[in-house]
Amino acid sequence: IVNNAAVFSGESSLPADEEEKILRINCFFPQEIVEKLRPASVVNILDSRILHPRFVPKTPYEHSKAGLLAATLRQAVALAPATRVNAVAPGPVLASPCVHEKGGEILLGRRPRPQDIASAVAFLLAAEAVTGQVLAVDSGQWLIETP
């Protein structure tokens, strides 16, 4: 299973029903699907911004992705050995090249492409000795971005 569905909003304050929708789709549904289906392998799609050591979630979207990170690690322990649970944390894949990213330049000089994300997901789905891992596929941006 690849849990890729998500709702994004950069707003820090939303009506309660919108916040609940974001949390439900981005965090709670992926957990429920895994618990019910118990597949052999799961890859959750996160956001590389949440990996920065000083990251503090400010929006419902960020809270939901941080929650899914915690769920990834918890489920990796709870569902082993039958189910492997990992995650890929993409950086700005489809953002316009004109958009200025916080934190400066991307270390590798190019944004990740959709194929880069797909390759990371395929690796984690097939890697039978890997669980509880998060691959940042953001060209090194999480290392320099300030939260």
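The legends below describe close-up views of one predicted model. In this predicted model, local features need pLDDT of at least 70 and side-chain atom pairs count only at pLDDT 80 or more, while totals for chains, interfaces and linings use all residues. Residues are numbered from 1 along each chain as its sequence is written, and side-chain values use heavy atoms, with hydrogens and water left out.

**View A. The open sheet has four strands in the order S1-S2-S3-S4, with parallel pairing.** Strands are DSSP runs of E with at least two residues, and helices are runs of H or I with at least four, numbered from the N terminus. Two strands pair if DSSP finds at least two bridges between them. S1 (2–3) and S4 (134–137) are the edge strands, each with a single partner, so one side of each has no neighbour in the sheet.

**View B. S2 and S3 (residues 84–90) pair in the parallel sense over five bridges.** Asn-44 has Ala-87 in S3 as its bridge partner.

**View C. The largest nonpolar core holds ten residues, among them Val-43, Ile-45, Val-88 and Leu-124.** Such a core is a set of buried Ala, Val, Leu, Ile, Met, Phe, Trp, Tyr and Cys residues joined through side-chain atoms within 4.5 Å; buried means under 20% relative accessible area (1.4 Å probe, protein chains only). Strand S2 (41–45) and helix H3 (114–126) each give two or more residues to this core. H3 supplies the largest share, four residues.

**View D. A second, separate core has seven residues, including Ile-50, Phe-55, Leu-68 and Ala-89.**

Methods
Buried < 20%, exposed > 50% of the residue type's maximum accessible area, 1.4 Å probe, protein only.
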